[in-house]
Amino acid sequence: MLRPSTQRYSVTRPLYSEDAFEDEHAKVYRKHKTFLHHVIQYFTCTSERAKNTAISLLPIIGWMKTYSFKEWLLNDILSGVSTGLVAVLQGLAFSLLASIPTWYGLYAAFFPVIMYFFLGTSRHISVGSFPVLSLMVGAVVTRLVPDEGLPANITAFEGLTKEEQRVLVSASLTFLVGLFQLGMGLLQVGFIVMYLSDTLISGFTTAAAVHILISQLKFVLGLTVPGFSGPLSIIYTLESVFTQITSTNIHDLVTSIVVMVMVLGVKEINDRFKSKLKVPIPIEIIMTVIACGVSYAFNFSENHGVDVVGKIPNTFESPIAPSLQVFQMAAVDAFPIAIVGFAVAFAVAKVYSVKHDYVIDGNQELIAFGASNIFGGAFKSLAASTALSRSAVQESTGGKTQVAGLLSAIIVLVVILGIGFLLEPLPKSVLGAVVIVNLKGMLMQVVTVPYLWKKDRPDCIVWVGTCLAAIFLGLDIGLAVGLGLELLTVVFRAQFPRCSVLANISGTDIYRDRKDYVNIYEPEGVKIFRIPSPIFFANIDFFRDKLKDAVGFNPLRILRKRNKAVKKMKKLHPSKSEDESNMEDLDKPTDYSDLPIQVNWNAELPANIQVPPVNIHSLVLDFSVVSFLDISALKGLKAIKEFIRINVDVYIVGCDPYIIEKLRNCKFFDDEIKTSIFFLTIHDAMLFINESHPPKTVSEKVMKTFGDCTSLICSFKD
């Protein structure tokens, strides 16, 4: 293969304007479908379409047909057992964030998984509780059922204990989250996740990790801290913790430190030797078993005042109907929970789908999680999403399909119905320590801030703004602030694009920004101006100002100066003077009809008349990256008439044919602006310009200027 520096290509073709190209190449005009046609097509049912719809709504039909029992089943079994053990521990731990009894976290690792097995399109994510979602649910739970004071005025609370009231709020909120997700899935709005950038998600989850860390201090220190919600809740929580710091339970603190050190150390070993370890060391499970044994042996609960998990029912509770009053009071909170839960799950699913080469469907994922949360909410489950650490266990231990997820749910079922009593002496401080350790990945995202500041400052502002707003104002408001900042950065980038003046790489048809290269040739008398964004109402004025800066003059000001100069010149000849009231408007094209001379505006004018010179004869506007124009932009582009009226030829190049069609439909063209100004490429326009204005030698320029001045003076002497 030749080196790039030695490769050459040569193309011989006619010079094309848009008009010439359309004359030579017939354009196909396609009939656009009407809205009614789309509606009819959407509701038309055929056997093939019914089959595809069934497979789409039940993805299990597709992948189960290709399931290889010999190659995949053993891997799925090993993965399911490993993931199930982690899911049990995380379910117990993350339920603390939601301020509900711990065993309800186990329900989140069972009921949603069953539904997702049939409806989900990802084969590798582990469905269940997620710390950020649990914390957002907990904020609503503590707002409606606070630790101190009366709960919200909800009829369904009558006759229930505080714990039962909180479970009702959590279950109803989960049900409502599922309704939102299912509704969005049925309306095919899975694309909404695209509005949550990686930067925004990173800043938001980092802030959530800070909230989670602070919320677990009361378990790690063995303190009684009331739940706070709303703006500055994190400040109030820290104030309460430090006020009681002298009451720390030393047994809880030591246990937590030992668990965190051991888990962090072994996780580091797992990461360093993951290529050699077939299965990661389940250190969290090991430490949980040890902590349960030590707590039971020394009776931590009674002898040392350690708060433990306590009794875990060995049966499922009856399903409940959600509370409509909770729906009304928590609707504003449920929507961001639905969005965040889906966004996190979809992001993790996309990573594994790319790695293992299969397709996931965003709309179907919304339907799957919506149905999962509705099903789980009916059985008092926490809101479900996925956790990166748990999904990593499912994938790294050899999981091939959601059969592994189903088996992990069976492990949870065994714990709930059979051996849950073994976890009753487990200190909550151990669960708090496990939660904190699992925050390492999210908290370490803060190291990306210096990188973002150096590489992309608007993205850095989104990250920092989202993170700080979510920390101090709450996760729901923080997410809204992040979306607002993200929208502002998009508007800012589009409203103030980096416009540039292009120049030619000598001997080629390549044009680049004249500031970026040394050996580059700027055509004489020509300005090539590139607009690197759509042109719309927000940036049309910016575009016009930048264009004036690029050419070095204001065309309207030049036009007015010239019209005033023509008036004065006409008055110099008495026989040709005319009344002031009959003069043409100063913004109209210059009228030379009654002037007995030809004027060279770049030469010296008689009677000390001063008009700023115009040093270009052609202006080329590069529209190759302009994706759309709106009505405001069309009106603003009419300003090119100002250049035409001062004898500067304007050419537009690289314009999308659909934009040209829109210009035609909007009556953009008239006697001054014609379709002939459009060319396929910059080089086409430059070749045409060179034919119209051949470059002159230095001697020709001097002689022409001298001759113009002499003829002008002589004419007025006559």
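Contact here means heavy atoms within 4.5 Å. This is a predicted model in which local features need pLDDT of at least 70 and side-chain atom pairs count only at pLDDT 80 or more, while totals for chains, interfaces and linings use all residues. Residues are numbered from 1 along each chain as its sequence is written, and side-chain values use heavy atoms, with hydrogens and water left out.

**View A. Leu431 and the largest nonpolar core.** Setting aside residues up to four places away in sequence, Leu431 touches Leu89, Leu92, Ala93, Leu96, Thr102, Val309 and Leu426. Leu431 is also among the residues with the most contacts inside the largest nonpolar core, which has 118 residues; the others are Val132, Val137, Val169, Phe204, Val340 and Val412. A nonpolar core is a set of buried Ala, Val, Leu, Ile, Met, Phe, Trp, Tyr and Cys residues joined through side-chain atoms within 4.5 Å. Buried means under 20% relative accessible area, exposed over 50%, and partly exposed in between (1.4 Å probe, protein chains only).

View B. The largest nonpolar core has 118 residues. Helices (H or I, at least four residues) and strands (E, at least two) are DSSP runs, numbered from the N terminus. Apart from this core lies another one of 38 residues, including Phe529, Ile558, Leu559 and Leu634.

**View C. H10 against H23.** The axes of helix H10 (residues 198–215) and helix H23 (residues 457–473) come within 8 Å and cross at roughly 30°. Axes are lines fitted to C-alpha atoms, for helices over the stretch in contact, and angles run from 0 to 180 degrees between N-to-C directions. H10 and H23 are therefore roughly parallel to each other (angles under 35 degrees count as such). On the H10 side, the residues meeting H23 include Thr199, Phe204 and His211; their partners in H23 include Asp459, Trp463 and Ile471. By type, the residues of this contact of H10 with H23 split into nine nonpolar, six polar and one charged. Ala, Val, Leu, Ile, Met, Phe, Trp, Tyr, Cys and Pro count as nonpolar, Asp, Glu, Lys and Arg as charged, and the others, Gly among them, as polar.

**View D. Met184 in H9.** Met184 sits in helix H9 (residues 162–186) and is buried, at a relative accessible area of 8%. Leaving out residues up to four places away in sequence, Met184 touches Val189, Phe335, Ala338, Ile339 and Leu366. The C-alpha atoms of Met184 and Ile367 are separated by 7.7 Å, though these residues are 183 residues apart along the chain.

Notes
Angles under 35 degrees count as roughly parallel, over 145 as roughly antiparallel, 65 to 115 as roughly perpendicular and the rest as oblique.
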